[in-house]
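Reader: I should like to go through this structure by question and answer. Could we begin by looking at it?

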Amino acid sequence: MPEKPPHVIAIYPGSFDPITNGHLDLIQRGSRMFDRLIVSVLRNDKKRPLFTVEERTGMLHEVLCIYPNVQIDSFNGLLVDHASAHSATVLLRGIRAISDYEYELQMALMNRRLRPEIETIFMMANEAYSFISSRLVKEVISLGGILRAWCRRRSNSGSRNGFKKEIQLNFRGIRITQCRH
Ligand code: ADP
C-alpha cells in the first residue's frame, strides 16, 4: 500500500465545452481539499466539441486565476498516465444524478484496474447546479433561451460562430457570479 504523499495532487478531467457553474463549484471545493488541483481538458475530437481546446483552456484561465493552487492543462491518451505524469494520486469527478453514476463507476473501476495507486473521488453536485450540463447550456442558448445561473443575455444568433460568440460573451456572467462567492 503506497503511503500518503506529503502533497496531494488531484486531476479534475473533463471536456469543459464550455465550463459551467457546476464545474466551477467542484473546482472551488476541490481546491480546498487538495494541495494542488489540475483541471485538465480532454483532447478528443470524436466528441465534436463546440470550442477548441485552446478556447476552453483560455476560458478556464480567465475564471480560475483567483485560485493559487489550481492549474490548467490538457491531455489525450489514458487519464491515469496523465495523472502519473503529474504525480497526481487523485482523480476528481462530479456526480449529479443516477445517470452520471453508471458511467462514472465504469470509468473509476477501469482506472483502478490500470493504476490501483490512483484513487477516484466523487463529489456530489451542489443542488443549485445539479441540473446544469455543458450539453444543456449549449442547447438552451442555441435555441435563444436565457440561463440565469449561467448567463445574462438572450441569444439572437443562428450561426455556429454567432452562437459561440454568444456563449463567450455570456461567459462573463459566470465569472462575475463566481467571483462574488
Ligand atoms: P465529460 O465530457 O468528461 O463528462 P464534463 O466537462 O461534462 O466532462 O464533466 C467533467 C466532470 O464534471 C464529470 O465528472 C461531470 O460529472 C462533472 N460535472 C459536470 N457538470 C457538473 C455539475 N453541474 N455539477 C457537478 N459536477 C458536474
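This is a predicted model: local features need pLDDT of at least 70, side-chain atom pairs count only at pLDDT 80 or more; totals for chains, interfaces and linings use all residues.

Reader: Which element gives the most residues to the shell around the ligand?

Author: The elements that give two or more residues to this shell are α1 (21-33) and β4 (90-95). Of the 17 residues around the ligand, those that come nearest are Gly-14, Ser-15, Gly-22, Gly-94 and Ala-125. The element that gives the most, with 3 residues, is α1.

Reader: How many residues of the shell around the ligand are polar?

Author: The shell around the ligand comprises 17 residues. By class, 5 of these are nonpolar and 3 are charged. The number of polar residues is 9.

Reader: Where does Pro-18 lie?

Author: Pro-18 is joined to Asp-17 by a cis peptide bond, with omega about 0°. Its place is the loop between β1 (9-14) and α1.

Reader: Is Phe-16 buried or exposed?

Author: Phe-16 is found in the loop between β1 and α1, and has a positive phi of about 50° although it is not a glycine. A residue counts as buried if 20 or more other C-beta atoms lie within 10 Å of its own. For Phe-16 there are 23 other C-beta atoms within 10 Å, and therefore Phe-16 is buried.

Reader: How far apart are the end C-alpha atoms of helix α2?

Author: Helix α2 has 12 residues, 53-64, and at 1.5 Å a residue these should span 16 Å. The model agrees with this expectation, since the end C-alpha atoms are apart by 16 Å.

Reader: What arc around the axis of α2 do its buried residues cover?

Author: The buried residues in α2 are Arg-56, Thr-57, Met-59, Leu-60, Val-63 and Leu-64. An α-helix has 3.6 residues a turn, so residues three or four places apart point the same way.

Reader: Which exposed residues does the face of α2 turned away from its buried side carry?

Author: The buried side of α2 includes Met-59 and Val-63. The face turned away from that side carries the exposed residues Glu-54 and His-61.

Methods. Residues are numbered from 1 along each chain as its sequence is written. A residue is near a molecule or strand if its C-beta atom, placed from the backbone, lies within 6 Å of it. Helices (H or I, at least four residues) and strands (E, at least two) are DSSP runs, numbered from the N terminus. Ala, Val, Leu, Ile, Met, Phe, Trp, Tyr, Cys and Pro count as nonpolar, Asp, Glu, Lys and Arg as charged, and the others, Gly among them, as polar. A residue is buried if 20 or more other C-beta atoms lie within 10 Å of its own, exposed if 12 or fewer, and partly exposed in between; C-beta atoms are placed from the backbone. The expected span of a helix is 1.5 Å times one less than its number of residues.
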